[in-house]
Amino acid sequence: MAPLRIGIMGCASIAVRKVLPAMAASPRTEITAIASRNPGKAAEIAHAYGCRAVEGYSALLDLDEVEAVYIPLPNAAHAGWIELALTAGKHVLAEKPLTTSVSRTCELIAAAGAAGLVLMENVMFLHHSQHTAVRDLLAGGAIGELRAFHAAFAVPARPAGDIRHRAELGGGALLDTGVYPVRAAMSFLGSEVDVVSAVLTRRHGRPVDSAGQALLCTADGVSASATFGIDHAYRSGYELWGSEGRIVLDHAFTPPADHLPVVRLERRSGVDEIPLPPDDQVANTLTAFAAAVRSGRLPDNDDVARQAVLVDDIRTKARLYVDHAPEPVG
């Protein structure tokens with residue numbers, strides 16, 4: 001099977017640090033071109049990977065040799081460039097969230113389906129095998145009946161000018177880190193969870209949320225809490241609490257490829273720490289994307305659309321707290 005020829009739309013940090021090295025290492029993908037509004041930056045990175053440098057994103061879409069594009073642009077720019085890429089006949093792997101609105105997300109999913117093109121949201125943790133191990137424990141009755149799910153993803157503060165702090169670019173904790181625990185809740189409780197209530201906090205006079213928490217619930221009363229933030233001590237994990245025990249997983253959302261996962265199983269009989277083999281969720285995601293394109297099997301994006309609805313509901317139902325205190329110095 002010929003490798004999928006991918007053009008990179010922008011030189012974002014996640015592309016340079018994670019996705020480009022994985023693409024270069026995979027036999028399923030080929031980095032064909034790298035586009036940037038800064039031609040010098042595109043040339044520098046393209047040289048490192050022995051591919052073509054392109055000035056401007058539109059020029060990338062004009063290249064016949066590019067079969068698919070990877071879009072790591074700021075959140076607010078996703079929708080427009082996804083639409084243009086689909087119109088140009090390109091398959092698309094776009095960073096999460098797919099767009100910043102429910103309507104645009106649904107429109108683009110429908111457009112990709114009508115065109116027979118693969119559109120995939122890059123939520124990489126879904127492709128890590130550690131979650132399959134957790135799901136197998138749950139299905140096997142290791143903790144009895146599931147009663148509650150708790151998940152948290154938060155990262156330390158970035159500099160004041162970072163795109164995460166800019167409302168016009170789709171910044172804020174909900175879109176940056178909140179989608180992870182929300183999607184994890186959907187993964188274990190089902191996509192039809194509903195938002196019961198939420199809190200969002202804006203700090204240091206910024207126009208975007210820097211922290212938040214949402215309470216979700218299934219129709220039969222299993223609850224899920226999703227905690228997220230962009231000015232916290234780092235945390236990335238979840239727990240499933242059942243009638244007979246608890247399953248805990250740390251490093252749930254962004255583990256490096258060499259990370260050795262450990263699932264903690266707590267029951268009345270004692271505590272077991274179950275080691276798992278390392279896995280590369282970035283490589284797995286790229287493999288899944290290439291396989292979907294080559295097989296012609298379009299992904300079921302119902303969960304992507306439902307995630308967009310839940311994120312919008314969190315924003316709509318949230319009680320907003322605003323802290324106007326200036327950011328601490330030093």
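Visitor: How many cavities of 30 Å³ or more does the structure hold?

Guide: Rolling a probe the size of a water molecule over the atoms shows where empty space is left. On a 1 Å grid over the protein atoms alone, a cavity is a set of points where a 1.4 Å probe fits but cannot get out, a pocket is an open set with protein on both sides within 12 Å along at least five of seven lines, and lining residues have an atom within 4 Å of a point. The structure holds 1 cavity of 30 Å³ or more. Please note that this is a predicted model, in which local features need pLDDT of at least 70 and side-chain atom pairs count only at pLDDT 80 or more, while totals for chains, interfaces and linings use all residues. Residues are numbered from 1 along each chain as its sequence is written, and side-chain values use heavy atoms, with hydrogens and water left out.

Visitor: What volume does the largest cavity have, and which residues lie nearest its centre?

Guide: A volume is the space filled by probe spheres set on the grid points, which are joined across faces, edges and corners. For the largest cavity this comes to about 110 Å³. Its lining has 16 residues, and Pro97, Thr99, Thr100, Ala308 and Val311 lie nearest the centre. Two or more lining residues come from each of helix H5 (102-115), helix H7 (173-189) and helix H9 (302-317); helices (H or I, at least four residues) and strands (E, at least two) are DSSP runs, numbered from the N terminus. H9 provides the largest share, 6 residues.

Visitor: How do the residues of that lining divide into nonpolar, polar and charged?

Guide: The convention counts Ala, Val, Leu, Ile, Met, Phe, Trp, Tyr, Cys and Pro as nonpolar, Asp, Glu, Lys and Arg as charged, and the others, Gly among them, as polar. For the largest cavity the division is 8 nonpolar, 5 polar and 3 charged.

Visitor: Where does the largest pocket lie, and what is its volume?

Guide: The largest pocket has a volume of about 1,100 Å³. It is lined by 43 residues, with Ala12, Ile14, Pro72, Ile163 and Arg164 closest to its centre. H1 and H7 are the elements that give two or more residues to this lining, and H1 gives the most, with 4 residues. The lining divides into 20 nonpolar, 12 polar and 11 charged residues. Domain 1 and domain 2 both contribute to the lining, so the largest pocket lies between them.

Visitor: Which residues lie nearest the centre of the second largest pocket?

Guide: Leu126, His127, Arg183, Asp300 and Val304 do, among 15 lining residues. About 270 Å³ of space lies in this pocket. H7 supplies the largest share of its lining, 3 residues.

Visitor: In what order do the strands of the parallel sheet stand?

Guide: Two strands pair if DSSP finds at least two bridges between them. Here 6 strands form an open sheet in the order E3-E2-E1-E4-E5-E6, with parallel pairing. Strand E3 (52-55) and strand E6 (119-122) each have a single partner strand, so one side of each is left without a neighbour in the sheet. The twist averages 25 degrees from one strand to the next; axes are lines fitted to C-alpha atoms, for helices over the stretch in contact, and angles run from 0 to 180 degrees between N-to-C directions. Strand E5 (residues 91-95) is joined to E6 by 4 bridges, and leucine 93 stands opposite methionine 120 in E6. Helix H1 (residues 13-25) lies across several strands, including strand E2 (29-36), to which it runs at about 150 degrees.

Visitor: What is the pairing in the sheet of 9 strands?

Guide: The pairing is mixed, in the order E14-E13-E12-E11-E7-E10-E9-E8-E15. Strand E14 (270-275) and strand E15 (318-322) stand at the edges. Strand E8 (residues 194-202) pairs with E15 in the parallel sense over 5 bridges, and leucine 200 stands opposite leucine 320 in E15. H9 packs on this sheet, touching E8, strand E9 (211-217) and E15, and its direction makes about 60 degrees with that of E8.

Key:
Contact means heavy atoms within 4.5 Å. Domain bounds come from an automatic or database domain assignment.
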